[in-house]
Amino acid sequence: MKSFLNFYEELIQNQVDTVIREEDTITRLEIIDENITYEIGKLNQKIENEKVKALSTSY
């Protein structure tokens with residue numbers, strides 16, 4: 001009976017560890033997503049600035 005309980009306890013701990021790793025991965029991916037979104041915003045702003053410069057120098 002004790003070995004069954006040890007097995008069950010280990011199984012539960014493995015599941016908990018898996019959930020923790022998955023949450024860590026999700027958190028890292030969310031941070032990466034935020035960084036990418038920020039960088040895309042900066043690039044879009046640069047593109048708009050270049051469009052304005054191009055339009056203002058073409059007149």
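**Figure 1. Salt bridge between E39 and K42 in the predicted model.** E39 is partly exposed, with a relative accessible area of 39%. Its partner in a salt bridge is K42, and the closest N and O atoms of the pair are 3.5 Å apart. The model shown here, as in every view that follows, is a predicted one. K42 is likewise partly exposed, at 34% relative accessibility. Both residues belong to helix α1, which covers residues 2–57. E39 and K42 are three residues apart, or about one turn of the helix.

**Figure 2. Salt bridge between E48 and K51.** K51 forms a salt bridge with E48. Between these two side chains, the closest N and O atoms are 3.4 Å apart, and this counts as a salt bridge because the cut-off is 4 Å. About one helical turn separates K51 and E48, because they are three residues apart in helix α1. K51 has a relative accessibility of 46% and counts as partly exposed. E48 is also in the partly exposed class, at 42% relative accessibility.

**Figure 3. Salt bridge between E50 and K53.** In this view E50 pairs with K53 in a salt bridge, with the closest N and O atoms 3.5 Å apart. E50 and K53 are three residues apart in helix α1, so about one helical turn lies between them. The relative accessible area of E50 is 46%, which makes E50 partly exposed. K53 is partly exposed as well, with a relative accessible area of 48%.

**Figure 4. Salt bridges in the model.** The count for the predicted model is three salt bridges. One of them joins K42 and E39, another joins K51 and E48, and another joins E50 and K53. Side chains of opposite charge can pair when their charged atoms come close.

**Figure 5. Nonpolar surface patch that includes M1.** Nine side chains are labelled in this view: M1, F4, L5, F7, Y8, L11, I12, V16 and I20. Together they make a nonpolar surface patch of about 920 Å². M1 lies in the segment before α1. The relative accessible area of M1 is 76%, so M1 is classed as exposed. The cut-off for the exposed class is over 50% relative accessible area.

Conventions. Residues are numbered from 1 along each chain as its sequence is written. This is a predicted model: local features need pLDDT of at least 70, side-chain atom pairs count only at pLDDT 80 or more; totals for chains, interfaces and linings use all residues. Side-chain values use heavy atoms; hydrogens and water are left out. Helices (H or I, at least four residues) and strands (E, at least two) are DSSP runs, numbered from the N terminus. Buried means under 20% relative accessible area, exposed over 50%, partly exposed in between (1.4 Å probe, protein chains only). Patches are made of residues with over 30% relative accessible area and no salt bridge: like charges are joined within 9 Å, nonpolar side chains (Val, Leu, Ile, Met, Phe, Trp, Tyr) within 5 Å. Accessible areas come from the Shrake-Rupley method with a 1.4 Å probe; for residues, only the protein chains shown count as cover.
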